[in-house]
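Here's a walk through one protein chain, written for someone who would rather look at side chains than at tables. Have the viewer open as you read.

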Amino acid sequence: MKILFKDCRIVDHKDDYTTDLLIEDQYIKSIEPNLNMSADIVIDAKDKVLMPSFVDLHVHFRDPGFTYKEDLKTGSHAALKGGYTRVYAMGNTKPVCDNVEIYNDIIKRNEELDLVDLHQIITITKGLEGKELTDFDSFDDSVKFISDDGKGVLSNKLMYEACLKAVEKNIGIMIHAEEPEISPIDYRIAEDLITIRDVYLSKATGCKIHFSHVSTKDSIDAIRLGKQYGANITCEVTPHHILLHDVDYRVNPPIRELSDTRSIIEGILDGTVDAIATDHAPHSKEDKEKGAPGMIGLETAFMISYTTLVAKGLIDLKLLSKVMSYNPSRILNVDHGEIKVGALADLVLVDLNKKTKIDEFTFKSKSKNSPFYGYDFEGNIEMTIRHGKIMYDGGKNDNR
């Protein structure tokens, strides 16, 4: 299969220029102006942007156990519609993904679907109970990170032991920073306390720690300082924490204040923030009405980030590509995020001039819990290509 893009603006973390691009089979075959050759599909990409597809370090696909909210197939189609070809799924499933048997089952079923590249989290503690470490010695090299996302690890001793074992096994730990005894009193302090603790533990043990959905000014400052002192740490922020402030929509961690959103953007600009990740958290209407925290985010992430950051002149498109593609790939130690000859053709075609009004009936996700209905965002995803194959084509010919 050959796919030829004509007159496309190519943007990755380091380049921004206009040319033609040829995909042959799974790879980028040629990048140069005025390519005149036969192809199975020729796409007029004038006035559109071709970027590396996005990488999401933080999704919940609810599979197994909560598939009435989402499953591997519907979550993957939501990812593709949002321009993502690689995602990292959290382990708070039912049963909890706390052993290699459940891990291998999820990986196998995703490979059979062959829609997106999925990395699966195994939890730090058995049953997400924060009492006993999972069997780190059973992990093979495919396990890149572990996490007790949704709860976090309260015990200082257990977290210290987890850091030491993670260093031994050369895996990273993703942190849900929350001190649950403090949360009902002051959720801001609850996040900041664990962030500060785990910045210190990374520096003390050498453990690779990645902070998920950072949302407060003081946590951003603590991570910035930790990086300056050589801690082996990275962090992500969500599109909803970039855009929203002082609104009442239940997510975990909560929507913060304007000073926090400004601090997050400063962190993106100065490199403190490594990645934008969605924390895609599908819920049924009934569960959401009962107070379940979280929102779906895969299908709106790029539009929100582009509209809030690039269209307003706060950052350029290369930096957005860096935090949505290149940096997450480096954190996962996968070769992605650059458009170059020989690279695997995982790409997204974007129309920056097209506005989209968010409508629940257009979501691919099984769930519809979003605060963005009625919002107009710029930066429409026109096409998503994975391994040289068109997987999303504006809803016209999606691979199912």
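## Ground rules

This is a predicted model, so local features are reported at pLDDT of at least 70 and side-chain atom pairs at pLDDT 80 or more, while totals for chains, interfaces and linings take in all residues. Residues are numbered from 1 along each chain as its sequence is written, and side-chain values use heavy atoms, with hydrogens and water left out.

Nonpolar side chains tend to be buried together in soluble globular proteins. Here, the largest nonpolar core has 76 residues. (A nonpolar core is a set of buried Ala, Val, Leu, Ile, Met, Phe, Trp, Tyr and Cys residues joined through side-chain atoms within 4.5 Å; buried means under 20% relative accessible area, exposed over 50% and partly exposed in between, using a 1.4 Å probe and protein chains only.) I173, I268, F302, L317 and L320 have the most contacts inside this core. Leaving aside residues up to four places away in sequence, L320 touches I276, F302, S305, Y306, V310 and I315, where a contact is heavy atoms within 4.5 Å. There's also a second, separate core of 18 residues, with I3, L21, I28 and I385 among them.

Several of those L320 partners, including F302, S305, Y306 and V310, are among the buried residues of helix α9. That helix spans residues 301-310, and ten of its ten residues are buried. (Helices, H or I with at least four residues, and strands, E with at least two, are DSSP runs numbered from the N terminus.)

## Rings and charges

How many aromatic pairs does a search of the whole structure find? The search finds nine. (Rings of Phe, Tyr and Trp, the last by its six-membered ring, pair if their centres lie within 6.5 Å; planes under 30 degrees apart count as stacked, over 60 as edge-to-face and the rest as tilted.) F302 and Y306 are stacked, because their ring centres are 5.9 Å apart and their planes are at 20 degrees. These two residues sit four apart in α9, so about one helical turn separates them. For contrast in geometry, look at F372 and F377: this pair is edge-to-face, at 5.8 Å centre to centre with 75 degrees between the planes. F372 is buried at a relative accessible area of 1%, and F377 is buried at 3%.

Ring pairs also link F54, Y84, F302 and Y306 into a cluster.

## Strands

Now for β15 (residues 376-386), where nine of eleven residues are buried. Eight bridges join β14 (residues 347-357) to β15 in an antiparallel arrangement, with L349 partnered by M383. β15 also pairs with β16 (residues 389-392), antiparallel over three bridges, and I385 stands opposite I390. β15 and β16 make a hairpin with two residues between them, and H387 in the turn has a positive phi of about 55 degrees.

## A buried aspartate

D346 is found in the loop between α10 (317-332) and β14. Is D346 buried or exposed? D346 is buried, at a relative accessible area of 3%. Not counting residues up to four places away in sequence, D346 touches M51, P52, S53, T85, D117, H336, I385, R386 and H387.

Methods. Pairing = 2+ DSSP bridges.
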